[in-house]
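Hi,

Have a look at the model first, then read on when you have a moment.

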Amino acid sequence: MKNASGVLLLSHVGFSFMEDLVSTVTARGLKVYVLSSLPEPHFQGSRPGALADLADDVRVTDAHVLTPRDVEDHLDRLEAAGASVSCCLTVWEGYRHLMALANARLGVPDLDEKQVLELRDKLTLRNRLADAGLSRGRASALTPGTLVERQRDGGRYFVKPVSGIASFGTFPLTTGTTWADLERIAAEARADTVYASAFTADGMEFLVEDYVPGREFSFEVVVVDDEPHVVAVHEKCEVTETAGTVLENACVSPPTSLSQEEIGVGIRWVASVLDTLGLGWGCFHVEARHAPGGWDLIEVNPRVGGSLISPSVAALTGGPDLLDLWLDSLLTALRPDGFRKDLKALSFAEDGSTPSGNATFFRVFFADPGTIRAVGLNDGLPLRPVVTHVLLEPGDVVESSSREVFLGQLLWSMDLAGRDAVLPELMPASERAIEIVYETERA
């Protein structure tokens, strides 16, 4: 390991897009150092070995959650072994503050640990932006008392964890919502090995906020030395709000329902949000809604967007994906001028125009509770996908949960000029792109 320059990757329970991250790092001729928390029991026999095959150095801790002490000790170990660590990266939001801690020690410009933790406090964040005139909604801690009060006044409200991830426990408030529903979701969070660490030490605290109306979008942003660059804007053309979560079924980029001027207003609004929060470095997945009254925030995620957001960026730019751009922003942070020039060339302009002649559409599939008998791709689609992920297989058992269970995801790419001729046929056909059969119960 002597004099080997590399990147430290933080993995949650052995996963967190490790294959994608390793490929991104090794493409730059860099070593891969992985620090992972203990995998779930059914992966403990296989996943550490799989990581060892991927990386140059792997350390798996004895607990399911990484701690600041784990990161500090591992950096000490790498340093003692002669490794040169260029930066730290993770896509698991629950470890984003640990990434910030590591980069601070390595002298790499990034968000600081306090900023990350403040972003994850959605209650304080909502009210801070409302105070700054950047959100029309406000939020309150959800208690048995505030639950009854909001239900009585008849307004539209949304419930979510104060600090959460992956739409776990997020849903519109209804007259039928009970405190027992919240306790059940919190109990699921405490019992979930993968997701428990993303919530508070007590398991889960909830907020209730004014409902944000409008169509839903996300801005994929890379900020370098206080200068934000919007590399993609995705429109969530299908969103399903259920009793326990919100499922984001399909996205298209650039948006189809917005004018260039409206996109430009959104880009400038995002810049104001980031500036108000003092977010001068990093990669952000900013979720927002647009209504006749303008733009409003859902949340600011200090990481790459999930699902196929990163590959979608690659298809849009015709080159780097979002993971590439985030890693390069860290590797060049001390001398960012050349990277910043390249980044600007592939990003949206302030007026909402894009330099790309490409468009993308992707669909995410979620599994229902049950045992899977068969799953496969439908060959009869009007356009072949450029990325195909089927994540479950026959024999897998899907439990009922308040978080989404991914079945698979597919990405299509097309010319922007010809998109209007392709999408009307592709969107409904894509709903059947992954065919799944569940076992039926015997009488």
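The strands involved are S2 (residues 31-36) and S3, which pair in the parallel sense over 4 bridges. Helices and strands here are DSSP runs numbered from the N terminus (helices are H or I with at least four residues, strands E with at least two), and two strands pair if DSSP finds at least two bridges between them.

Before going further, please keep in mind that this is a predicted model, in which local features need pLDDT of at least 70 and side-chain atom pairs count only at pLDDT 80 or more, while totals for chains, interfaces and linings use all residues. Residues are numbered from 1 along each chain as its sequence is written, and side-chain values use heavy atoms, with hydrogens and water left out.

**The parallel sheet**

S2 and S3 belong to an open sheet of 4 strands with parallel pairing, in the order S3-S2-S1-S4. At its edges are S3 (57-60) and S4 (84-89), each of which pairs on one side only. From one strand to the next, the twist averages 20 degrees. For angles, axes are lines fitted to C-alpha atoms (for helices over the stretch in contact), and values run from 0 to 180 degrees between N-to-C directions.

Two helices lie across this sheet. H1 covers S1, S2 and S4 and runs at about 170 degrees to S1. H4 (residues 96-106) lies across S1 and S4, at about 150 degrees to S4. Contact in these notes means heavy atoms within 4.5 Å.

**The antiparallel sheet**

There is also an open sheet of 4 strands with antiparallel pairing, ordered S5-S8-S6-S7. S5 (139-141) and S7 (171-172) stand at the edges with a single partner strand each, so one side of each has no neighbour in the sheet. S6 (residues 157-161) and S8 (residues 206-210) pair in the antiparallel sense over 5 bridges, and Val159 stands opposite Val208 in S8. Helix H6 (residues 122-131) packs on the sheet, where it touches S5, S6 and S8, and its direction makes about 150 degrees with that of S5. H8 (residues 179-191) lies across S6, S7 and S8, running at about 125 degrees to S8.

**Helix packing around H11**

H1 comes up again here. The axes of H1 (residues 18-26) and H11 (residues 322-331) come within 10 Å and cross at roughly 55 degrees. That makes H1 oblique to H11; on this scale, angles under 35 degrees count as roughly parallel, over 145 as roughly antiparallel, 65 to 115 as roughly perpendicular and the rest as oblique. The crossing of H1 with H11 is right-handed, where right-handed means that the near helix is turned clockwise from the far one by less than a right angle, and left-handed that it is turned anticlockwise. On the H1 side, the contact is made by Asp20, Leu21, Thr24 and Val25, and on the H11 side by Leu323, Asp324 and Leu327. By class, this contact of H1 with H11 has 4 nonpolar, 1 polar and 2 charged residues (nonpolar: Ala, Val, Leu, Ile, Met, Phe, Trp, Tyr, Cys and Pro; charged: Asp, Glu, Lys and Arg; polar: the others, Gly among them).

H11 also packs with H12 (residues 337-346), at an angle of about 155 degrees and with their axes 10 Å apart. The two are therefore roughly antiparallel to each other, and the crossing of H11 and H12 is left-handed. Leu325, Asp328 and Ser329 of H11 meet Phe339, Leu343 and Leu346 of H12 in this contact.

**Individual residues to look at**

- Val13 has a phi near 45 degrees, a positive value in a residue other than glycine. Val13 sits in the loop between S1 (5-11) and H1 and counts as buried at 3% relative accessibility (buried is under 20% relative accessible area, exposed over 50%, partly exposed in between, with a 1.4 Å probe and protein chains only).
- Asp226 also has a positive phi, near 70 degrees. Asp226 lies in the loop between S9 (215-224) and S10 (227-241) and is exposed, with a relative accessible area of 61%.
- Arg47 is in H2 (residues 47-54) and counts as buried at 7% relative accessibility. Leaving aside neighbours within four places in sequence, Arg47 is in contact with Gly14, Phe15, Met18, Glu19 and Pro39.
- Ser253 and Pro254 are joined by a cis peptide bond, with omega about -10 degrees. Pro254 is found in the loop between S11 (246-253) and H9 (260-276).

Best wishes
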